[in-house]
Amino acid sequence: MDILRIATAGSVDDGKSTLIGRLLYETNSITKDKIEALESASKRKGLDFLDLSLLTDGLIAEREQGITIDVAHIYFSTPTRKYIIADTPGHVEYTRNMVTGASNAKVSLILVDARQGVVEQTARHLSIAALLRIPKVIVCVNKMDLVQYDKAKFEAIKDSLSSLVAQTTFEGQEISFLPISSLFGQNITQAADKMPWYQGNTLLGELEAFEFAESLAHAPARFPVQWVIRPKTEEYHDYRGYAGKISSGTFQVGDVIKALPTGQESTIASIEKFGEQLERAVAGDSIVITLTTDVDISRGNSLVLASDTQAPQLKDFTAHICWLDHQALSPGKTYLLQHGVNLTKAKISQITERLDVVAQTSSQDVDSLKLNEIGGIQLRTAQPIMADVYAENPSNGAFILIDEFSNSTVGVGFIK
Amino acid sequence: MTDSTIKDKIGQFPRKLEDESIYIMREVAAQFERPALLFSGGKDSITLVRLAQKAFFPGKIPFPLVHIDTGHNFPETIEFRDWLAKETGAELIVRYVQDSINQGKAKEETGKYASRNVLQTVTLLDTIEEFKFDACIGGARRDEEKARAKERIFSVRDDFGQWDAKRQRPELFDMLNGRIAVGENVRVFPISNWTELDVWNYIKEEKMEIPSIYFSHQRQVIERDGMLWADSEYLNKEADEIPFEATVRFRTVGDMTCTAAVESDAVEIDIIIEEILSAEISERGARIDDKRSEAAMEKRKQQGYF
Ligand SMILES: Nc1nc2c(ncn2[C@@H]2O[C@H](COP(=O)(O)OP(=O)(O)OP(=O)(O)O)[C@@H](O)[C@H]2O)c(=O)[nH]1
Ligand SMILES: [Mg+2]
């Protein structure tokens with residue numbers, strides 16, 4: 001059974017939480033006691049209808065203000081697959097929570113209010129979806145009920161987005177447009193009787209039909225070592241296993257590998273999972289690898305194929321960055337850089353650009369990046385990192401920056 | 001739902017979830033000096049123990065199992081706990097809410113809804129301090145409850161164990177930042193993305209042992225607020241609440257005073273799974289502790305509850 005991860009996006013009050021509530025409601029994913037709780041909460045708010053946004057807005061502050069502040073993770077399944085939805089906040093102040101929710105998504109649902117059309121958040125979220133290389137974007141034009149389900153309105157929004165989309169999208173990204181009403185359940189799981197002019201998929205239909213190849217199995221083989229297993233029991237006296245999750249590619253018993261950064265070579269003796277012996281393992285598998293010879297390998301090192309002479313070892317590189325902290329990014333400062341499970345110090349030598357998400361232009365003369373801004377940086381690390389260009393191998397191309405003093409995660413970077 | 005749609009929904013356990021959880025277990029062992037696995041005896045924490053075993057096999061689980069014993073546990077749970085610790089060779093640490101009460105740090109609730117569920121937090125925080133645990137692994141899932149749906153996998157708590165929902169760290173991709181200041185600690189939720197059904201499907205596929213109270217059995221119960229409550233010496237009964245025998249099982253296992261039973265003939269796991277799928281009530285609907293107010297869970301978490 002596969003898992004499809006989705007994240008919502010769009011401006012505040014566009015109806016993201018209501019949409020997710022509706023999706024769950026119509027797929028019978030909400031139990032009776034939860035519906036009853038929704039009914040009484042809606043009544044308490046003085047509403048005469050079921051406020052489905054209350055299903056995901058779980059914090060007291062969110063319910064008081066009627067907005068989403070942090071990501072909620074919601075689950076439902078169909079006979080086809082299991083869905084994990086990240087319902088993210090639309091408010092620009094909480095963009096970092098939006099990025100958190102979107103980082104694992106394969107589909108981004110970007111909502112647009114039919115009355116307002118394209119706004120700044122639409123542009124920002126399209127840019128973020130492109131930066132993260134989310135393979136599918138569904139632009140949901142919501143609240144169609146408030147524009148009398150007017151086809152012309154929908155088409156106009158679609159047209160006005162086309163130039164922006166053309167600028168942000170990348171090869172292989174699928175983009176589709178859907179007119180919906182979350183409040184009245186139009187085009188969510190059932191065809192919209194109010195919009196006979198629309199002949200395409202419903203939202204659920206679109207999700208069910210989406211095929212995403214886990215192409216990472218064909219990417220270069222990368223195995224970051226998380227933990228070295230040394231039982232030191234009689235039975236496993238000399239056992240030394242390298243535990244980790246394959247980030248991309250495939251490993252097989254007998255493969256000649258090298259450990260980076262040292263470059264020492266060895267051969268895979270076994271691939272194990274809880275005592276089970278595997279012939280091969282692919283991206284995403286949490287396994288243990290043993291080698292035929294004793295090599296000095298510790299946490300943070302990576303195994304790659306010995307034949308992979310291109311395996312990069314970066315010390316001085318450029319990256320896109322999305323800044324997530326109230327304290328602005330300033331060049332010259334040292335941060336901790338976490339790439340996968342590997343931690344090293346990094347110095348930002350220069351901010352190379354700042355992106356204007358609306359105009360899709362960038363300015364070069366920049367001396368800081370503030371909360372929620374997207375830009376480019378040049379950085380240097382204390383130890384080399386075994387990272388790929390994000391666009392080519394996303395699972396091995398992103399990193400986070402951590403403030404040494406506050407310990408907060410302050411930025412997320414994508415290697416150029 | 002009709003029978004056929006229920007069958008359709010059972011599906012299989014998505015194996016990717018296990019890989020992710022094992023990855024999280026290993027991150028905990030690597031990033032922290034003194035982690036612990038909080039073991040409640042319920043199916044979720046039993047699942048955690050299995051994942052920890054898998055993560056470090058053929059090595060032993062590199063952290064202790066910690067049980068905060070309220071004194072109101074089902075005897076079957078305690079028996080199972082001791083068996084599992086032996087079976088896995090893991091170290092078991094038990095601390096008692098009764099001790100916190102005796103020390104005057106916690107006060108027994110009164111009235112017919114009295115339970116020790118809230119008091120647990122006091123004992124938990126003391127235990128964290130006693131052993132200087134910097135990470136505590138728990139079996140909470142995001143699908144359980146709306147405040148839990150907001151939780152990160154690595155959830156940082158301050159000196160007082162408090163959760164600040166408005167200041168959570170961004171958590172990107174699968175990168176987990178476990179860096180903390182002295183006194184802070186992290187609650188870790190490796191099965192955040194599992195649903196109740198995923199847990200049951202996993203237990204089934206892995207042929208795991210679980211406490212007998214999850215299966216149908218005969219028990220003395222009383223009826224209160226439309227639910228069946230297990231009769232025990234800890235339950236404050238009113239005069240008209242007369243125990244009777246019923247065929248029941250438990251869907252979630254907490255204290256005897258705050259977990260309701262459901263009528264059920266399910267003696268095997270397949271039937272349990274079908275029951276869950278056709279149930280009209282959510283898992284937490286059987287937790288009396290959640291019914292105290294709409295925001296009961298968030299408020300308890302702010303206080304350092306799991
Ligand atoms: N008329 C109409 N109202 C809608 C529709 N969808 C949502 N709304 C209303 O729009 C308001 C905001 O909805 P939410 O779902 O909370 O919006 P959101 O996008 O999640 O907002 P944030 O998470 O705070 O960014 C609520 O009052 C909804 O009832 C729709 O299709 N039609
Ligand atoms: Mg919302």
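Strand β5 of chain A, residues 136-142, is joined to β6(A) by six bridges, and the two run parallel; strands here are DSSP runs of E with at least two residues, and helices are runs of H or I with at least four, numbered from the N terminus. Within this pairing, Val137(A) has Ile175(A) of β6(A) as its bridge partner. This is a predicted model, in which local features need pLDDT of at least 70 and side-chain atom pairs count only at pLDDT 80 or more, while totals for chains, interfaces and linings use all residues. Residues are numbered from 1 along each chain as its sequence is written, chains are lettered from A and ligands numbered from 1 in the order in which they are written, and side-chain values use heavy atoms, without hydrogens or water.

Both strands belong to an open, mixed sheet of six strands in chain A, ordered β2-β3-β1-β4-β5-β6, where two strands pair if DSSP finds at least two bridges between them. Its edges are β2 (72-77) and β6 (174-179), each of which pairs on one side only.

Leu109(A) is, with Phe173(B), among the residues with the most contacts inside the largest nonpolar core, which has 79 residues; such a core is a set of buried Ala, Val, Leu, Ile, Met, Phe, Trp, Tyr and Cys residues joined through side-chain atoms within 4.5 Å, buried meaning under 20% relative accessible area, exposed over 50% and partly exposed in between, with a 1.4 Å probe and protein chains only.

The magnesium ion, ligand 2, has Ser17(A) (OG) and Thr68(A) (OG1) as its protein donors, lying 2.0 Å from it; donors are N, O and S atoms within 2.8 Å of the metal (3.2 Å for Na, K and Ca), and water is not among the atoms, so sites may look incomplete. Because Ser17(A) lies in helix α1 (residues 16-26) and Thr68(A) in the loop between α3 (60-65) and β2 of chain A, the pair ties together parts that are 51 residues apart in sequence.
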